[in-house]
Amino acid sequence: MDLDLRHLRMICAIAEAGSITKAAARLGLSQPAMTTRLHQVEEMIGGRLFARSHTGVEPTRLGRQVISRARIALSEIDALFGDLRDADPAATGLRLGCSHLACVASVVDRVGAALPGRPISLSIEPSTVLLADALTRGLLDAALIGMIEGFEVAFTAPVVTRTVLPRYPIFVALSAAHPLAGQAEVRLSDLRDERWISPPGADDGSLAALRACCRAAGFEPDVRYDAPSGAGHMLVSAGHGVRLVDPTSPVPEGVAVRPLAGDPQVARLVMAWRRDRLGMQTAAAVYQGLTAAFQDHLDDNPAFRKWWDAHPETHPLP
């Protein structure tokens, strides 16, 4: 037996429902049939994808990796066939959302150039959960969203997604006076005694992801501060704490931004949009504008430019 789209949708449904029984009901299957299919998939993959918990089931480490890749594959398939019809209110403005990324400085210009004459508005929101909710409720037409691998947010129709970057590393920001600031890269385990600034958008899994990668490195992070995305650099520059950051973020005065050895935390970047608002041509134009906006900022951090040049397989598709 080979894996097919039904298996990928089943895996994602179990992850989203947190229960095999609930996922079976959603897909119109019996619980025994769902369990049998899951065991067959696990045999093909070579490991358990879910472990039982007191609240239902939770993805294993292997399961999170498979779910992440399954969502990428399904989003590309949904976008492909969803875009075959072109319902495009071109006369209206375009309401864009964006994660708190360095490229927000270029998004309006680049998307505006791709859609001349169409007014662009932009809402910057660090929480993936809130961006997904705004798309679902029709408050946004499209969004550029960064998601930590293994802690991704599911979207529901008519929202579809297309991958912009399948994988990029998360860097660490520390004081320029920090003893590790002179290193080309920093081992996460060497930050075990640091005070940490909580990632923005903690409700979408970023804080859980920070704790998970630190535990994998052998320590529990001392998350001491909670600061909005634009305010944490003052605590960092003063030496009060360290934080994980978007690798294209410009480096403020008094701060050093360095890669983490081995890329212990990675994310992917997706464009999500309502296919009842954007037709095929408009969605393609927005995609091109967003990818151009991201690439405008590759040189804001020389360390990320070096990583980028060494990983052409992660570059956006045309």
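Strand β7 (residues 171-175) and β10 run antiparallel and are joined by 3 bridges. This is a predicted model: local features need pLDDT of at least 70, side-chain atom pairs count only at pLDDT 80 or more, and totals for chains, interfaces and linings use all residues. Residues are numbered from 1 along each chain as its sequence is written, and side-chain values use heavy atoms, with hydrogens and water left out.

**Three-stranded sheet**
- The open sheet of 3 strands has the order β10-β7-β11, with antiparallel pairing (two strands pair if DSSP finds at least two bridges between them).
- β10 (243-245) and β11 (255-258) are at the edges with a single partner strand each, so one side of each has no neighbour in the sheet.
- Strands are DSSP runs of E, at least two residues; helices are runs of H or I, at least four; both are numbered from the N terminus.
- Val172 stands opposite Leu244 in β10.

**Five-stranded sheet**
- A second open sheet has 5 strands in the order β4-β3-β5-β12-β6, with mixed pairing.
- Its edge strands, β4 (120-124) and β6 (159-169), each pair on one side only.
- β6 pairs with strand β12 (residues 266-274) over 8 bridges, in the antiparallel sense.
- Thr161 stands opposite Ala272 in β12.

**Helix α1**
- Helix α1 (residues 5-17) has 13 residues.
- Gly18 follows α1, and its phi is positive, near 70 degrees.

Methods:
The expected span of a helix is 1.5 Å times one less than its number of residues.
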